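This briefing concerns side-chain contacts and strand pairing in one protein model. The structure is shown first, and the points that follow are grouped by topic.

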Amino acid sequence: MKKASIIIATLTICRLAAAQTPLTDTNLQLFWDFGYDRHHVTSTYEMFHGDSWGNTFFFIDVDYNFHNTEGKNIGPSGAYTEIARCLNFWQDSKLKDLSLQVEYDGGLGSMFGGYTVNHAFLVGANYLIHSEDYRNTFNVEVLFKKFVGLDQCLPMQFTGVWGLQDLFGTRGLRFCGFFDVWWEGNKCIFFSEPQLWYAVGQFFKCPNLNLGGEVEISNNFAGIVGWKCRPCLGLKWIF
């Protein structure tokens with residue numbers, strides 16, 4: 001099960017801090033995974049809403065890779081979700097870029113006889129670094145992370161989320177992504193999904209449409225020992 005593509009809301013958080021107006025962003029992404037052990041479609045639905053108390057973000061990933069006894073793909077094979085709430089009552093102060101964050105992660109799947117992604121509860125701090133015009137951003141998250149029913153040598157997660165808008169001066173070209181580092185048992189897990197999107201719809205009066213993709217880079221992730229690199233081709237619709 002892959003994590004969410006990218007917190008598209010990063011740029012919106014910046015605009016919220018600057019404009020002090022509630023904003024909502026939602027988008028739907030469809031990916032074809034070219035990984036040798038994948039070759040299936042994954043959808044990601046993301047929602048972000050900013051308000052005077054902070055912001056809320058969630059996403060739902062669904063893999064469509066359940067095969068019957070005849071080898072035919074007949075339905076979804078797994079789902080994963082994260083929901084996070086950032087609290088920021090001091091948006092008019094010099095500490096406006098620092099938020100408190102609480103989060104829940106979890107999921108399930110039908111492959112390998114059925115499995116769950118254990119409940120995980122996170123709490124910590126979220127700090128936003130940005131350019132003066134908010135077009136280039138980097139979010140740093142330091143979180144206490146506790147899995148239910150899973151031992152951890154270090155119950156922590158470190159996350160970085162970046163977004164570069166109009167890359168190389170090209171209007172509509174966005175480079176974004178995230179990386180997570182956490183521990184399960186004695187193993188350190190690394191997971192990252194850099195993405196590149198281009199707003200192709202701008203050329204035919206449909207700015208909602210973006211084409212691009214991502215590369216899933218992981219180490220010791222989902223029970224697989226060592227490094228893996230899985231490219232995906234994607235389509236994104238921004239509502």
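Lysine 145 lies over the face of tryptophan 182, at 4.4 Å from the ring centre; a charge counts as sitting over a ring if NZ of Lys or CZ of Arg is within 6 Å of the ring centre and within 35 degrees of the ring normal. The model is predicted: local features need pLDDT of at least 70, side-chain atom pairs count only at pLDDT 80 or more, and totals for chains, interfaces and linings use all residues. Residues are numbered from 1 along each chain as its sequence is written, and side-chain values use heavy atoms, with hydrogens and water left out.

**Aromatic pairs**

- Tryptophan 182 also belongs to a cluster in which ring pairs link Phe178, Trp182, Phe191 and Phe221.
- The structure holds 15 aromatic pairs; rings of Phe, Tyr and Trp (its six-membered ring) pair if their centres lie within 6.5 Å, and planes under 30 degrees apart count as stacked, over 60 as edge-to-face and the rest as tilted.
- One of these pairs joins tryptophan 53 and phenylalanine 89: the ring centres are 5.8 Å apart and the planes are at 70°, so the pair is edge-to-face.
- Tryptophan 53 lies in the loop between β2 (41–51) and β3 (54–64), and phenylalanine 89 in the loop between β6 (78–87) and β7 (98–109), so the pair ties together parts that are 36 residues apart in sequence. Strands here (E, at least two residues) and helices (H or I, at least four) are DSSP runs, numbered from the N terminus.
- Tryptophan 53 is exposed, at a relative accessible area of 56%; buried means under 20% relative accessible area, exposed over 50%, and partly exposed in between (1.4 Å probe, protein chains only).
- Tyrosine 104 and phenylalanine 121 form a tilted pair, with 5.5 Å from centre to centre and 55° between the planes.
- This pair links distant parts of the chain, since tyrosine 104 is in strand β7 and phenylalanine 121 in strand β8 (residues 115–130), 17 residues apart.
- Tyrosine 104 is partly exposed at 24% relative accessibility, and phenylalanine 121 is partly exposed at 45%.

**Salt bridges**

- Side chains of opposite charge can pair when their charged atoms come close.
- The structure holds six salt bridges, each a side-chain nitrogen of Lys or Arg within 4 Å of a carboxyl oxygen of Asp or Glu.
- Asp33, Arg38, Glu216 and Arg230 are linked in a network of salt bridges.
- Within this network, the closest N and O atoms of arginine 38 and aspartate 33 are 2.7 Å apart. Arginine 38 is buried, with a relative accessible area of 17%, and aspartate 33 is buried at 2%.
- Arginine 38 also forms a salt bridge with glutamate 216, with the closest N and O atoms 3.1 Å apart.
- That pair links distant parts of the chain: arginine 38 is in the loop between β1 (23–33) and β2, and glutamate 216 is in strand β14 (residues 209–219), 178 residues apart.
- Glutamate 216 is buried, with a relative accessible area of 1%.
- Aspartate 51 and arginine 85 form a salt bridge, with the closest N and O atoms 3.0 Å apart. Aspartate 51 lies in strand β2 and arginine 85 in strand β6, so the pair ties together parts that are 34 residues apart in sequence.
- Both aspartate 51 and arginine 85 are buried.

**Strand pairing around β10**

- Strand β10 (residues 156–165) is mostly covered, with seven of its ten residues buried.
- Strand β9 (residues 136–147) pairs with β10 in the antiparallel sense over nine bridges; two strands pair if DSSP finds at least two bridges between them.
- Phenylalanine 138 stands opposite tryptophan 162 in β10.
- β10 and strand β11 (residues 173–184) pair in the antiparallel sense over nine bridges, and arginine 174 in β11 is the bridge partner of glutamine 165.
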